[in-house]
Amino acid sequence: MEQTGRVTSIAVLGGGPGGYEAALVAVELGADVTLVDADGIGGACVLTDCVPSKTLIATSELLTTMRGADGLGVDVDGARADVGHVFGRIHTLATAQSHDIAGRLTREGVRVLSGSGRLAGPHCLEVSSADGQTTRVEADVVLLAVGSSPRVLPGAEPDGERILDWRQLYDLPALPEHLIVIGSGVTGAEFASGFRALGCEVTLVSSRERVLPGEDADAANVLEDVFRRRGITVLNRSRAARVRRCGSGAGEGVEVELTDGRVVAGSHALMAVGSVPRTAGIGLEEAGIKLGPGGHIAVDRVSRTSVPEVYASGDCTGVLPLASVAAMQGRIAMWHALGEAVAPLQVRVVSANVFTDPEIATVGISQEAVESGSVAADVVKLPLATNARAKMQGMRDGFVKLFARPDVGTVLGGVVVAPHASELVLPISMAVQHNLTVDQVAHTFAIYPSLAGSLTEAARQLMPHEKAAVAG
Ligand SMILES: Cc1cc2nc3c(=O)[nH]c(=O)nc-3n(C[C@H](O)[C@H](O)[C@H](O)COP(=O)(O)OP(=O)(O)OC[C@H]3O[C@@H](n4cnc5c(N)ncnc54)[C@H](O)[C@@H]3O)c2cc1C
C-alpha cells in the first residue's frame, strides 16, 4: 500500500498507547510531531485501567500464593494486605510511569500539548487548554487515539463512594466489606479475583450462562470452579437492572436489583459493564469520519479512517480493546502515513490474557470455531495436573490446549490456563505468527521440569504418527 504526497507533520489526539507509541515512531522517522492529551500521558491504560489493575493484581496474586503455602510445608498464617499501602503504591506507580513516558516523548522531540482537542477539519486539531486558551495544530496527517470510558448503566450511575466504576476503586478509604461486581467479562472477572484475594466478600453478577462468556469455555469453567471454591458467589443468568444506595452509618451499602426482581445487598457495587469510545462531540462526523454503530471509528487494517490522511488507533476503533493492539495500530498508521513498508494488522495472531488467578491466555483460533466447523483443527488439551513442575509447585487448576491443522500440522492457536499464563503463551504466539508446525514445536527443547514442557508434549501428541498411534 502506498501513500501519495510527502508527509512531514503529524498531529496525534490522545496520549495512551495508541497515541504515544505512534508519536515515537513518527518522530524517529523524522516527522514533526505534536501530541495532544487531556488527562495525562500514558492514557487510561497507564493512569486508571491496565497498569493500576495489574498492580493491584500483583498484590492479590502474592496473597493467593501465600495462602497456598501450607501445602508446600510453609506456615505463613495471617497474610493480609495493608490497603492504604496497596492503593498508594498503585497511584505512585501509575503516576511515575506516566512521567517516564512524557519525559521520553519530550526527549525524543515530540511536542506535547495538554488540553482537550477536537478535529477542526482533516488537517487540524483545535486544542482548549485548562487556562482557557485555544491553539490550532495544523498537520499533514492526524491520528485519533482518544480511547474509551466506562459504560454507564442508566439507574446505576457511579457516585465514587458506593457505586463505583473501576477508575474510582483506588480512592476508597478502606477495602469494601462486600463488593458486588456487575459484569463477568474480563474486567469484572479480574476485579472479582483480585478483591476476593485481598479479603473482600465478593458477589459476581453475570448475565450469561457462565463467567467470561467471550473466552474458551473450558478455561472459563476452570475459573468459575476456582471462584466458587475460593468463596466468590457467582450469580449466573442474572442481569442487573439498577443499583441504589441504602442504609446509613455502619449499615450503609448498596442494593442491586436484578431484572427478575431479586435483590442482592452488599457494601459496594463495581460496574464492569464495558466501555464506550470517546468519539462524541469532537468534530468527527462534521469532518466526514465514518463511525460504526457503537460510535467506534471505522478503520482499515492500516488504521485509515474514511477520510484520507486521518488515521485512528486503539480503543476508539473497537478493533480489540488491548494496549498491545492500540500500540501496534498506532505504529502501523505512522509507518503507512510516512511511506514505510508496512504489514496490515492481523487480529488472528494477537494474544490476549485474563489476569485472574489462574490466568487465561489465548491466541489464534478458538475451540468454538473448531466445534462449529468453521475451521478444521485437531485439538489436544493437557491438564496441568499431569505436569511434573505443576505438581511440585502445588498447582491444581489449569491446562494447556493446542490447535493444529490436521493435514500439515501448522499450529493454529492455543489456550493456557495457569499462573503466569501470560508469559507461557509466547511460544504458541510465535508458532502461530510464524506458521510453525507441531513437529517444530515438539522438537524444541523444553526445560525439565517446566510448565512449558506441557506445550511441547501437546505438540508431540498432535504429530501425525502420534495421532496414528493413538488411533491404532
Ligand atoms: C480495567 C482494565 C484493565 C485492562 N487491562 C489490560 C491489560 O492487562 N492488557 C491490555 O493489553 N489491555 C488492558 N486493558 C485495555 C487497555 O487499557 C486499552 O486497550 C488501552 O488503554 C487503549 O489505549 P488507547 O490509547 O486507545 O486509549 P487510552 O489509554 O484510553 O488513552 C486515550 C487518551 O486520550 C485522551 N483523550 C481522549 N479524548 C481526548 C480529547 N478530546 N482531547 C485530548 N485528549 C483526549 C485521554 O485523556 C487518554 O489519555 C484494560 C482495560 C481496563 C478497563
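Which residues lie nearest the centre of the second largest pocket? They are Thr64, Thr65, Gly68, Arg230 and Asp357, among the 35 residues that line the pocket. The model is predicted, with local features requiring pLDDT of at least 70 and side-chain atom pairs pLDDT 80 or more, while totals for chains, interfaces and linings use all residues. Residues are numbered from 1 along each chain as its sequence is written, and side-chain values use heavy atoms, without hydrogens and water.

**Second largest pocket**
- A pocket is an open set of points on a 1 Å grid over the protein atoms alone, where a 1.4 Å probe fits, with protein on both sides within 12 Å along at least five of seven lines; lining residues have an atom within 4 Å of a point.

**Overall fold**
- The chain has 14 helices and 23 strands, taken as DSSP runs (helices H or I, at least four residues; strands E, at least two).
- The C-alpha atoms fill a box of roughly 65 × 65 × 40 Å along the principal axes.
- Buried residues (under 20% relative accessible area, 1.4 Å probe, protein chains only) make up 49% of the 472 residues.
- Of contacts (heavy atoms within 4.5 Å) between residues at least 6 apart in sequence, 62% join residues at least 24 apart.

Notes:
Buried < 20%, exposed > 50% of the residue type's maximum accessible area, 1.4 Å probe, protein only.
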